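Thanks for coming. I will take a few minutes on one model, so please have the view open on your screens.

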Amino acid sequence: MNIQDYIASGILEQYLMGLLTDTERQEVERNLAQYPELREELDRLEHTLESYLSLHRRPAPPGLDAEVLKRINDDVPTPPPAAAGKSSPWPWLLGLLALAALLACWWLYQQRASQQDTIDRLTTELAELQAACDQTRQDSAVLEQQLAIIRNANTRLVQMRGTPKAPEAIASVYWNTNDQKAYLDVISLPDPPTDKQYQLWAIVDGNPVDMGVFEVVIDSSGLQEVPFIANAQAFAVTLENRGGSTTGPTLEEMVVIGNVS
Amino acid sequence: MSSLFQKRDQRETEIVDLLRRGDQRAVSVIYQHYADVLFGLIYKIVRSETIAEEVLQDTLVKIWKNAAQYDRSKGRLFTWFANIARNTAIDKVRSATYQREQKTGSTENLVHEGVLGTEETQVADPGLQKVINSLDEKYRVLIELAYFQGYSQREIEKELGIPLGTIKSRLRAAIQELRTKLDNEFVRKLLFAILLVTLLLNYLLQT
């Protein structure tokens, strides 16, 4: 770039007078930073302008600088109230939102807690019901099984009645010669002393045959399977020492007896 | 002449330092040294003492607030001050409030009459009057429109009916001529002062 031509073009004067577009102005500023001769020329032009403007001087009223300082210092603290006044709805609104959010949180927590309680209660209830249902199903299966035994056409019922020793006692034997199975049904027997146990006997041709000891089942869950003895003519229950008698029934301690009809 | 420039530049450096440090004394120093020039410039544009006072205050507040934007490499501090004053004043003149005030029967409606007419009624400084009178009319009008009225080149082109190229060369010539005239004026003042001092000394020595 030829500096003298550039200066002679009058672009610095345009720059000084504020006649350039932003792009042109930026270009001049770049050149000013690069070429000291341009800066010197501009300096001269600026001094001319200052001298020229100085000729237009007019006494300014004294004390305006104090006014300006007052305005500057008023401005400094003014922004905070202005800003606070302007933005005050925001902290207020934010506070409100925070409060609403907090309330919502608390409400949701309460909801969750009460729901958890319900869930816990229902879970327990369900477990209980499931257990009850299982038990019922089990009971029902046992009962069905027993009912099947009782309803079987080949099953015969032998009822054993109480002896004078225990007139209220009653028990039965279901007896199926086809299946070769026998079942004891304790309906009502007095509770035995702790050292004693009931023992079931079959009478075959006048001789007692051991059919095992048994416990009085209180829940009356029904039939207990006992050994099948062919050709039994009668059944009886005696009270024996715990473990049962191996030498034969103690006849004085007989509580029930029934004949096969 | 160069000693005057040195003095000006030294003063600017001091003020820039004060502004950089955020020292509020800068405002008073600026006021002390530049208030009259800036007030004269503003008054020339707004044509009202009251409005000019208002604009001068606004200008100083802007100078203080925008001090960080001043860039020495782009021009002298005074030019920056003058630009702020000029722009604030031109904005004021173009504002709706000013237009309204001027319409409602103010006696200060000289803006447009004074632009291209003679400056004799507005200039108090006889030195200025001399410079202005000696300045070619076509140059004076150009500086008037571009600087004091804030016209764009297109607006000047339209107003004066001269092409852009001519505006550029004429503007350069105008400022060159101004420089010569002002230098002459300064030299004349200097010679006058020397003469005066010499006469005074002579008189004192004689008595």
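First, the ground rules. This is a predicted model, where local features need pLDDT of at least 70, side-chain atom pairs count only at pLDDT 80 or more, and totals for chains, interfaces and linings use all residues. Residues are numbered from 1 along each chain as its sequence is written, with chains lettered from A and ligands numbered from 1 in the order in which they are written.

Chain A has seven helices and eight strands. Helices here are DSSP runs of H or I, at least four residues, and strands are runs of E, at least two, numbered from the N terminus. Of the 261 residues in chain A, 21% are buried. Buried means that 20 or more other C-beta atoms lie within 10 Å of the residue's own, with C-beta atoms placed from the backbone.

Take helix α4 of chain A, residues 36-55. The expected span is 1.5 Å times one less than the number of residues.

Now the strands; two of them pair if DSSP finds at least two bridges between them. In chain A, β1 (155-162) and β2 (170-176) are antiparallel over seven bridges, and A:Val158 is bridged to A:Val173 in β2(A). β2(A) also runs antiparallel to β3 (181-188), again with seven bridges; there A:Ser172 partners A:Asp185. β2(A) and β3(A) make a hairpin with four residues between them, and A:Gln180 in the turn has a positive phi of about 60°.

On to the interface. How many residues of chain B are in contact with chain A? The count is 45, against 37 residues of chain A, where contact means C-beta atoms, placed from the backbone, within 7 Å. α2(B) gives the most to that side of chain B, with eleven residues.

Last, the cores. A nonpolar core is a set of buried Ala, Val, Leu, Ile, Met, Phe, Trp, Tyr and Cys residues joined through C-beta atoms within 7 Å. The largest has 63 residues, and B:Leu38, B:Ile42 and B:Leu56 are among those touching the most other members. α2(B) supplies the largest share, 14 residues. Beyond four places in sequence, the contacts of B:Leu56 include A:Ala60 and A:Leu64, along with B:Leu38 and B:Ile42. Apart from that core lies another, of 24 residues, including A:Val158 and A:Trp175.

Note on methods
Two residues are in contact if their C-beta atoms, placed from the backbone, lie within 7 Å. A residue is buried if 20 or more other C-beta atoms lie within 10 Å of its own, exposed if 12 or fewer, and partly exposed in between; C-beta atoms are placed from the backbone.
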